[in-house]
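Student: Please take one part of this model and go through it closely. I would like a single connected account.

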Amino acid sequence: MSFLGFLLLGLIAGAIAKLILPGKQGGGWFVTLLLGVVGALLGGWLGSALFSVDMGGFFDIRSWLLAIGGSIIVLLIYGLIVGRGSKSRA
């Protein structure tokens, strides 16, 4: 997969992950792109390490499922980190 295709996959996977997760996640499109790309990398790594599945082409359903799954994991971790720091102390 080309670098531009991977960025597009990460952006779309991050946006889908934001839609799937309940509540409001912070960050704009740039943060979504970064988290989506990191999630796609994580999903590809987990897929190959745990299930011996590689990231196929851009239109391969396995690539999309791994990227979205990885993006959900990354968004959950990002929400825990950012959510903890944004609470005000009384």
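Tutor: What follows is a close look at one helix and its surroundings. Keep in mind that the model is predicted. The part is helix H3, residues 61-85.

Begin with the core. The largest nonpolar core has 14 residues. Ala 67, Ile 72 and Leu 75 have the most contacts inside it. H3 gives the largest share, six residues. In general, nonpolar side chains tend to be buried together in soluble globular proteins.

Now take Ile 72. Neighbours within four places in sequence are set aside here. Beyond them, Ile 72 is in contact with Ala 17, Ile 20 and Leu 21.

Next, Ile 73. This residue lies in H3. Its relative accessibility is 35%, so Ile 73 counts as partly exposed; buried would mean under 20%. Ile 73 also belongs to a nonpolar surface patch, made with Ile 77, Ile 81 and Val 82. The patch covers about 340 Å². As a rule, an α-helix has 3.6 residues a turn, so residues three or four places apart point the same way.

The buried residues of H2 include Gly 36, Gly 39, Gly 43, Gly 44 and Gly 47. Thr 32, Leu 35, Val 37 and Ala 40 are buried in H2 too. Ser 52 follows H2, with a positive phi near 55°.

Notes. Residues numbered from 1 in each chain as written. Predicted model: local features only at pLDDT ≥ 70, side-chain atom pairs only at ≥ 80, totals over all residues. Heavy atoms only, no water. Patch = residues over 30% accessible without salt bridge, like charges linked within 9 Å, V, L, I, M, F, W, Y side chains within 5 Å. Areas by Shrake-Rupley, 256 points an atom, 1.4 Å probe, with all protein chains shown as cover. Salt bridge = Lys/Arg side-chain N within 4 Å of Asp/Glu carboxyl O. Helix = DSSP H or I, 4+ residues; strand = E, 2+ residues; numbered from the N terminus. Buried < 20%, exposed > 50% of the residue type's maximum accessible area, 1.4 Å probe, protein only. Core = buried A, V, L, I, M, F, W, Y, C linked by side-chain atoms within 4.5 Å. Contact = heavy atoms within 4.5 Å.
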